[in-house]
Amino acid sequence: MARDSCLAKITAGVAVGGALGGAVGAVYGTYEAVRFKVPGLMKIRYIGQTTIGSAAIFGLFLGAGSLIRCGKSY
């Protein structure tokens with residue numbers, strides 16, 4: 001597999017999007033859990049759901065963007 005193959009670029013896009021989305025989701029989930037006064041251990045579940053959901057969405061979009069750019073040659 002070549003270093004700048006299309007699959008490598010898509011994988012890198014998904015990884016970066018997942019990491020960025022996870023970080024943003026964790027911050028936002030923590031803020032929302034405190035703001036809405038989520039009780040006890042439900043905070044951990046709420047933060048986890050927000051983190052995973054945000055990471056999945058960001059990863060999907062950055063992977064799709066990498067796929068679209070992969071076909072273009074500049």
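**Entry 1. Salt bridges.**
I searched the whole structure and found one salt bridge (a side-chain nitrogen of Lys or Arg within 4 Å of a carboxyl oxygen of Asp or Glu). The structure is a predicted model, in which local features need pLDDT of at least 70 and side-chain atom pairs count only at pLDDT 80 or more, while totals for chains, interfaces and linings use all residues. I number residues from 1 along each chain as its sequence is written, and side-chain values use heavy atoms, with hydrogens and water left out.

The partners are arginine 35 and glutamate 32, whose side chains meet at 3.5 Å, N to O. I noted that these two residues are three residues apart in helix H1, so about one helical turn separates them. Helices here are DSSP runs of H or I with at least four residues, strands are runs of E with at least two, and both are numbered from the N terminus. I then looked up the cover on glutamate 32: its relative accessibility is 6%, so glutamate 32 counts as buried. The classes are buried under 20% relative accessible area, exposed over 50% and partly exposed in between, with a 1.4 Å probe and protein chains only.

**Entry 2. Chain as a whole.**
I counted two helices and zero strands in the chain. The radius of gyration is 16 Å, well over the 11 Å that the globule rule gives for 74 residues, so the chain is more spread out than a compact globule. That radius is taken over C-alpha atoms, and the globule rule is 2.2 Å times the number of residues to the power 0.38. Along the principal axes, the C-alpha atoms fill a box of roughly 50 × 20 × 10 Å.

I recorded buried residues as 24% of the 74 in the chain. The chain exposes about 5400 Å², and carbon and sulfur atoms supply 72% of that area. These areas come from the Shrake-Rupley method with a 1.4 Å probe; for residues, only the protein chains shown count as cover. Of the contacts with a separation of 6 or more, 70% are between residues 24 or more positions apart. A contact means heavy atoms within 4.5 Å.

**Entry 3. Helix H1.**
I took H1 as residues 6–35, which is 30 residues. From first C-alpha to last, H1 reaches 42 Å, close to the 44 Å expected at 1.5 Å a residue (the expected span is 1.5 Å times one less than the number of residues). The buried residues of H1 include Gly13, Gly17, Gly21, Gly22 and Gly25. H2 is among the elements that cover the buried residues of H1.

**Entry 4. Lysine 37.**
I found lysine 37 in the loop between H1 and H2. Lysine 37 has a positive phi of about 55 degrees although it is not a glycine. Most residues other than glycine have a negative phi. At 70% relative accessibility, lysine 37 counts as exposed.

**Entry 5. Helix H2.**
H2 has 29 residues and reaches 41 Å between its first and last C-alpha, close to the 42 Å expected at 1.5 Å a residue. Its buried residues are Thr50, Thr51, Ser54, Ala55, Gly59, Gly63 and Ser66. I checked what these residues pack against, and it is H1.

I looked up threonine 51, which is buried at 19% relative accessibility. Leaving out residues up to four places away in sequence, threonine 51 touches Gly21, Gly22, Gly25 and Ala26.

Leucine 62 lies in H2, residues 42–70, and is partly exposed at a relative accessible area of 34%. Beyond its neighbours within four places in sequence, leucine 62 is in contact with Gly13, Val16 and Gly17. With glycine 17, I noted a C-alpha to C-alpha distance of 5.5 Å across 45 residues of sequence.

Serine 66 is buried, with a relative accessible area of 18%. Not counting residues up to four places away in sequence, serine 66 touches Lys9, Ile10 and Gly13.

**Entry 6. Annotation.**
I checked the UniProt record, an unreviewed entry, and its "transmembrane region" annotation covers residues 12–31 and 46–68. Such positions are given in the numbering used here, with feature names shortened, and annotations may be inferred rather than shown by experiment. In the model, residues 12–31 are 100% helix and 0% strand, with end C-alpha atoms 29 Å apart. Residues 46–68 are also 100% helix and 0% strand, and their end C-alpha atoms are 33 Å apart.
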